[in-house]
Amino acid sequence: MFKNFIGGDWLEGQRVSRNINPSDTRDLVGEYAQADVAQAQHAIAAAQAAFAGWSLSTPQQRFDILDAVGTEILARRQELGDLLAREEGKTLPEAMGEVARAGHIFKFFAGEALRPTGELVPSVRAGVGVEISREPLGVIGIITPWNFPMAIPAWKIAPALAYGNCVVFKPADLVPGSAWALAEILSRAGLPAGVFNLVMGRGSEVGATLLDDARVTAISFTGSVATGHRVAASCVARMAKFQLEMGGKNPMIVLDDADLDVAVNCAINSGFFSTGQRCTASSRLIVTDGIHDRFVAAMAQRMQTLTIDDARKVGTDIGPVVDQSQLRQNLEYVAMAREEGGRVVCGGEAMAFSKDGQPGFYMRPALIADTDAAMRINREEVFGPVVSVLRATNYEQALALANDTPFGLAAGIATQSLKLATHFKRHAQAGMVMVNLPTAGVDYHVPFGGRKGSSYGPREQGRYAAEFFTSVKTAYTQA
């Protein structure tokens with residue numbers, strides 16, 4: 001059994017969860033400890049006790065630890081990628097890419113630990129100097145989703161530690177394996193006891209404890225909209241800092257002048273890779289009249305060539321859905337779209353077995369045409385390989401449709417017009433905009449986040465992470 005890591009010790013939980021491989025439900029990845037409220041409180045206390053010392057640690061100490069973590073992750077990318085693909089279901093190449101990203105994130109923030117920034121400015125009063133500096137917050141509660149079980153924890157944990165905070169990390173229930181592997185690496189990296197804590201368990205117990213405990217100074221959360229609202233309400237009630245990354249209903253516009261192959265490749269990658277289980281996935285394709293029919297036909301033709309199979313098998317393009325509940329939700333949205341008048345061009349069916357007869361949560365990616373903006377398939381996040389197509393008469397209508405959503409995470413456009421691409425970058429109501437590229441895939445050194453109902457608070461990743469994980473102090477001195 002894989003245990004929780006609290007206060008520098010590996011501890012058994014009150015319950016055990018079974019981690020099942022979605023590519024082969026007969027395969028048990030492992031059994032993982034489940035903490036209760038008391039253990040969550042123990043972790044918070046350990047982090048609080050460690051903060052005084054860690055917050056005053058040297059930049060060199062933080063660099064050495066984070067750099068060592070990044071080095072080990074990169075050296076073990078094949079092994080860790082295999083584990084990730086086995087428990088989450090994204091293909092092995094995608095999983096290895098995610099592991100590599102996690103390693104690079106730790107190395108990036110190792111460098112940031114050596115580059116603390118501040119300002120020294122004169123006061124408007126003679127003989128007075130002003131220092132503006134950043135200081136760590138305290139205990140950070142980190143709550144992460146199941147779809148990127150290495151990268152998202154990395155881009156929260158690494159900056160939290162780099163800036164001198166202590167961490168209590170609660171991963172998603174479906175992917176404890178990747179979280180435990182990351183915690184095991186951190187446990188050997190030289191961190192003082194209590195600086196980093198892994199507490200696997202139910203959101204109703206561990207998550208709720210993090211939200212409501214006054215010793216937790218800030219919460220960084222990625223997950224569903226409903227849970228994000230609960231995080232916000234709890235943090236506002238006790239004046240804790242919080243950062244939310246939630247859903248997306250991301251558009252990709254395809255204009256008449258688009259290179260058809262480029263547009264199809266962008267749409268296939270954005271909509272279906274990682275089994276569509278990405279908050280940045282392009283689940284709405286908005287296509288202008290002149291290219292609409294050719295584009296839909298080319299999409300359907302390309303989708304017929306995709307191999308849906310075991311995530312770790314060579315040649316697999318799309319792995320399984322993460323679990324039975326998510327598969328059921330995907331199929332319900334396909335049926336709903338059909339009932340509302342959408343035309344399922346291809347896909348949308350469950351597959352009970354892999355090509356080799358393994359029982360798993362497989363699904364043929366669905367492309368649904370003849371939809372309109374009012375349909376639920378175009379309003380609500382499915383979080384699976386389900387993509388809808390909306391027809392637009394021109395760029396102006398396409399832009400209006402793209403922005404007609406309560407979300408604002410990512411948006412893309414396929415066009416050869418510099419004028420329209422430039423206009424779209426400025427007027428798309430999204431935090432991240434791609435031109436002739438998939439909407440999924442943001443470099444580890446640049447800010448990640450959205451607007452409207454998708455995100456709240458400072459951006460994640462890159463140097464912008466300091467905005468959340470530190471507090472600004474202004475100090476005056478008279479000589």
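Strand E6 (residues 128-136) pairs with E24 in the antiparallel sense over nine bridges. The model is predicted, so local features need pLDDT of at least 70 and side-chain atom pairs count only at pLDDT 80 or more, while totals for chains, interfaces and linings use all residues. Residues are numbered from 1 along each chain as its sequence is written, and side-chain values use heavy atoms, with hydrogens and water left out.

**Sheet E5-E6-E24**

- Three strands form an open sheet in the order E5-E6-E24, with antiparallel pairing; two strands pair if DSSP finds at least two bridges between them.
- Strand E5 (119-122) and strand E24 (470-478) stand at the edges with a single partner strand each, so one side of each has no neighbour in the sheet.
- From one strand to the next, the twist averages 25 degrees (axes are lines fitted to C-alpha atoms, and angles run from 0 to 180 degrees between N-to-C directions).
- Serine 133 stands opposite lysine 473 in E24.
- Strands here are DSSP runs of E with at least two residues, and helices are runs of H or I with at least four, numbered from the N terminus.

**Serine 388**

- Serine 388 lies in strand E18 (residues 386-392).
- Serine 388 counts as buried because its relative accessibility is 1%; buried means under 20% relative accessible area, with a 1.4 Å probe and protein chains only.
- The side chain of serine 388 makes a polar contact with the side chain of asparagine 378 at 2.5 Å (a pair of N or O atoms within 3.5 Å, where one must be able to donate a hydrogen and the other to accept it; residues adjacent in sequence count only if both atoms are side-chain atoms).
- Leaving aside neighbours within four places in sequence, serine 388 is in contact with Ser283, Arg284, Leu285, Ile368, Thr371, Ile377 and Asn378; contact means heavy atoms within 4.5 Å.

**Helix H7**

- Helix H7 (residues 203-212) is mostly covered, with seven of its 10 residues buried.
- The buried residues in H7 are Glu205, Val206, Gly207, Ala208, Thr209, Leu210 and Leu211.
- Among the elements covering them are strand E3 (15-20), helix H1 (37-54) and helix H8 (225-238).

**Nonpolar cores**

- The largest nonpolar core has 94 residues, and Ile73, Phe106, Ile157 and Phe196 have the most contacts inside it (a core is a set of buried Ala, Val, Leu, Ile, Met, Phe, Trp, Tyr and Cys residues joined through side-chain atoms within 4.5 Å).
- Helix H4 (residues 92-113) gives the most to this core, with 10 residues.
- A second, separate core of 30 residues includes Ile268, Phe272, Phe295 and Val387.

Methods: Buried means under 20% relative accessible area, exposed over 50%, partly exposed in between (1.4 Å probe, protein chains only).
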